[in-house]
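Please walk through the aromatic rings of this structure. Start with the charges that face them, then turn to the ring pairs.

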Amino acid sequence: MTKSEDCWVVETVNDPSGFRTALKAVGGLKEVDSQQSLGVFDNPTFGRVMVLDGAYQITTADEFIYHEMMAHVPAFAHGTLRHVLVIGGGDGGVARELLRHPLIETITLVEIDQAVVDLAKDHFPTVCDGAFDDPRLTVVIDDGAAFVANTDARFDAVIVDAPDPVGAGKVLFEAPFYAGCHRVLREGGVLVTQSGIPFLTPQWMRDHAATLRQSFGSVRFFLSTVPSYTGGPMAHSFCSDDPSLANVDAATIKARAEALGLAMRYWTPTLHGAAFALPRYVDELVAPASP
Ligand code: SAM
């Protein structure tokens, strides 16, 4: 359904925290036929916005921040990613950034909803930016949790570009899914997830960190500031059995970046390390429980 009048699209996903955000939809909200509640609208500051199950997913103005951090932090930390699994991410933004790394040979993107991929191709061309036409990318329409439980393929990195832990995305924050991710990772591999806004959901953040530690020996977090994800900085988990991956020295990260010469808008070699420095209130939430 397309509404022609301007309206305000209210983000309801943080209702349990007593917190709402609203963006003006100039020209109205276009609802898309999908198994989920999916829509698109335009906003004067944020550009084109995708909304899913009451949460803004991406905006064309600030998506570069989230997608650069989800892709380049694991890619430059690992250094030799060749085979990458993306769970969710049907807008193509994480795949787009990963494809800038010439060593990456394959990206398998497991998205539950074909309608998101179609919406991205039709309405968010600057986000997917040709990623779906790249022969290195294979799109699988499936539940990410089922995929990691059943596949025989192995990956150097798993990037979980999930929505909030509601609806179809809930399973992507549960222990069996992370055990599946660990199972499909090669030795020395890394898992990165979006981990929400710690200020808004502190208890959820504590539980999330503890759940990840059931599968991974090293669970660290880095932060990004994405204006449309309101309520404070967003956290991303960085999980491995190799603690050194989250501590690669600045000179090595810089050398890896210079070798590729990629122009970024948010990620820099200096910011890479700095993003792992957590404000105390976040550090206390995600610290391992004392024995
Ligand atoms: N950047 C966004 C955020 O943090 O809100 C996430 C964007 S991306 C559009 C999230 C995608 O995950 C959606 O397209 C959704 O369809 C997909 N998804 C939800 N549950 C899934 C599941 N169980 N398996 C695979 N994909 C799933």
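Which residue lies over the face of phenylalanine 132? Lysine 121 does, at 5.4 Å from the ring centre. The model is predicted. A second ring also carries a charge. Arginine 265 places its charged end over the ring of phenylalanine 64, and the distance to the ring centre is 3.9 Å.

Now to the rings themselves. A pair of aromatic rings is described by two values, the distance of the centres and the angle of the planes. Searching the whole structure gives eight aromatic pairs. One of them joins phenylalanine 177 and tyrosine 178. Phenylalanine 177 and tyrosine 178 are both buried.

Phenylalanine 199 and tyrosine 281 make another pair, this one edge-to-face. Here the centre-to-centre distance is 6.3 Å, with 85° between the planes. This pair links distant parts of the chain, 82 residues apart. Phenylalanine 199 sits in the loop between β10 (185-194) and α7 (202-213). Tyrosine 281 belongs to helix α10, residues 280-286.

How accessible are these two partners, phenylalanine 199 and tyrosine 281? Phenylalanine 199 counts as exposed because its relative accessibility is 56%, and the cut-off for exposed is over 50%. Tyrosine 281 has 36% relative accessibility, so it counts as partly exposed.

One grouping remains. Phe222, Phe238 and Phe276 come together in one aromatic cluster.

Terms used. Residues numbered from 1 in each chain as written. Predicted model: local features only at pLDDT ≥ 70, side-chain atom pairs only at ≥ 80, totals over all residues. Heavy atoms only, no water. Phe/Tyr/Trp six-rings, centres within 6.5 Å; stacked < 30°, edge-to-face > 60°. Buried < 20%, exposed > 50% of the residue type's maximum accessible area, 1.4 Å probe, protein only. Helix = DSSP H or I, 4+ residues; strand = E, 2+ residues; numbered from the N terminus. Lys NZ or Arg CZ within 6 Å of the ring centre and 35° of its normal.
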